[in-house]
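This report describes a single structure in plain terms. The sequence and the model come first, and the description follows.

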Amino acid sequence: MRPLLRLESTVPAAGLVTFLLVFGVLGGPSDPAPAARWVGLGVLVAPAIMVYAHRGAAAWAGLLGAVLWTPLATGFATVLTTWAYAAVTILVARLDTDPAPLPVPHRRPPAPYSLPHVAAPAEVGGFALLVGSAAGVVWVGVDDAAVPWLAATIAAFGLGCALLTRAVRAQAALRRLFTVPQPVHAVRAVEQEGYVHVLLPAEDGRTAREFAFDVAEPEPRHDEDDVHTEAAVLYGDPRPGSWCALEVGDRLHVPVGPVGEVIEVPYDVVEGLPREIEDDEEQLVDPEALRPADRDADAFQPREHRISPRRAWTATTAIGLGAALGLAELARFAGLPREALIAVAAVAGAAGFEYGWRSQLRPRLRWHAGGLAAVGFRESTRQPWATDSAIVHDDEGTVVLTAGEAVLTVPVPAPWPSRSHQRTADQLVAALRDTRIRALEMSPLPPPPLIDQPRRPVALVVLWAVSVAATTLIVN
């Protein structure tokens, strides 16, 4: 799910809202020709899928779609809605601007023996989609029954253009790496077949940025078989998505892909390696993050974490109603009868509310010195604390903890509203670590706390029924 929850997801979300407004509220295109609505749908769908391949191409698609919708619109509200959608795509693309140059020496890397051909999968996929979209246009031209495929044809054409743009930009970035002076960094690196692993120490020597990228085999080939770090020179900006080259002695590693994830790790200056962290050091409690109630709580007092009810119910309602509205509008758009539309809204709403129930309302965690009990998306568990138990959070609203034989992921979104009693991720991690440390100092310990399997509340069924009724009224 995480790739779908990135910044790019704001574009498909805006596209869904635009679709519901334009076709569900504002009446769709003014042109009564059957092809008009499918072309209009295609130019709304295209940026939503193109943005995952290339943000800039998606922005151009959103802009061209708004231009197309301007003469098709039935009123000013439709024009404003489609241009607002284009503005979202442009705003997301603007975040791709290059950062300011780093305050480090710059020089051109050594000339490579040859430049590899990069981004071949994107290039092949782009050409295949363009050929498929051309075939779709021919099909529509000879068969009137194929007109509904215009939307898919336009979306495929847009995605093909985005993939080709991605391939061209990647090849251009690789050429620019060796023709323009680049930031130069002294690093430690591990050379392995097909990629290099790089450590960029901080100025204080206590931490280092760690990342890797795929490379072509250097010329001449490195003959040593043992894996170890060596002093090296990095050319380029070490951030995700940028292109860097690595010089190790007389060997130049030419990249075939951009830098991947960059993480910060403790660094051992003497060994030139990431410093090993002891479990006790990793699991220290941040006293500033402990709530007074958690600091003063009895070790055997059960405490519980849940997503704040107002946030959970709001998210569940939005998921269920949005699923019902979106698919019902698609059903109406496809010309299905009223009975089928109601059935689609009921099934989509039920699936949406079920997902909201399992991801927002159902999860809960209870703990004390004896262990913890949790109810998650699918199942529940009870586990005692162990010496190797660990609690961390990933800065994305999830706490990951190991206890006994279980590895649990606990959703901890930001509390909403701000005055709610839900713990933040830092506060929950501190409370759990504090309880774990106290448990390891005690003996004997009671069993983990009991936790009841929550049942679906009647309000959930009522909300589903209201959503289906509202969807039927809105769409019709």
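Which residues of the largest nonpolar core touch the most other members? They are Phe23, Trp38, Leu41, Met50 and Trp69, in a core of 40 residues. The model is a predicted one, in which local features need pLDDT of at least 70 and side-chain atom pairs count only at pLDDT 80 or more, while totals for chains, interfaces and linings use all residues. Residues are numbered from 1 along each chain as its sequence is written, and side-chain values use heavy atoms, with hydrogens and water left out.

**Cores**

A nonpolar core is a set of buried Ala, Val, Leu, Ile, Met, Phe, Trp, Tyr and Cys residues joined through side-chain atoms within 4.5 Å. Buried means under 20% relative accessible area, exposed over 50%, and partly exposed in between (1.4 Å probe, protein chains only). Helices (H or I, at least four residues) and strands (E, at least two) are DSSP runs, numbered from the N terminus. Leaving aside neighbours within four places in sequence, Leu41 is in contact (heavy atoms within 4.5 Å) with Phe19, Phe23, Ala151 and Phe333. There is also a second, separate core of 24 residues, whose members include Ala369, Ala374, Ala406 and Val410.

**Aromatic pairs**

Rings of Phe, Tyr and Trp (its six-membered ring) pair if their centres lie within 6.5 Å; planes under 30 degrees apart count as stacked, over 60 as edge-to-face and the rest as tilted. A search of the whole structure finds four such pairs, among them the Phe23 and Trp69 pair, which is edge-to-face because the planes stand at 85°. Phe23 lies in helix H1 (residues 10–25) and Trp69 in helix H3 (residues 55–72), so this pair links distant parts of the chain, 46 residues apart. Phe23 is buried, with a relative accessible area of 5%, and Trp69 is buried at 0%. Another of the pairs is formed by Trp139 and Trp149. Trp139 is in helix H5 (residues 120–142), and Trp149 is in the loop between H5 and helix H6 (150–179), 10 residues apart. Trp139 is partly exposed, with a relative accessible area of 38%. Ring pairs also link Phe19, Phe23 and Trp69 into a cluster.

| Pair | Centre to centre | Angle of planes | Type |
|---|---|---|---|
| Phe23 and Trp69 | 5.7 Å | 85° | edge-to-face |
| Trp139 and Trp149 | 5.8 Å | 40° | tilted |

**Strand S2**

Strand S2 (residues 182–192) is largely enclosed by the rest of the structure, because eight of its 11 residues are buried. Two strands pair if DSSP finds at least two bridges between them. S2 runs antiparallel to strand S1 (residues 106–107), with two bridges, and Arg107 has Gln182 as its bridge partner. Six bridges join S2 to strand S5 (residues 230–235), again antiparallel; there Ala186 stands opposite Val233. With strand S3 (residues 195–201), S2 pairs in the antiparallel sense over five bridges, one of which joins Gln192 and Tyr195. S2 and S3 form a hairpin with two residues between them, and Gly194 in the turn has a positive phi of about 90°.

**Helix H10**

Helix H10 (residues 338–361) has 24 residues and reaches 32 Å from its first C-alpha to its last.

Definitions and conventions:
Expected span 1.5 Å × (residues − 1).
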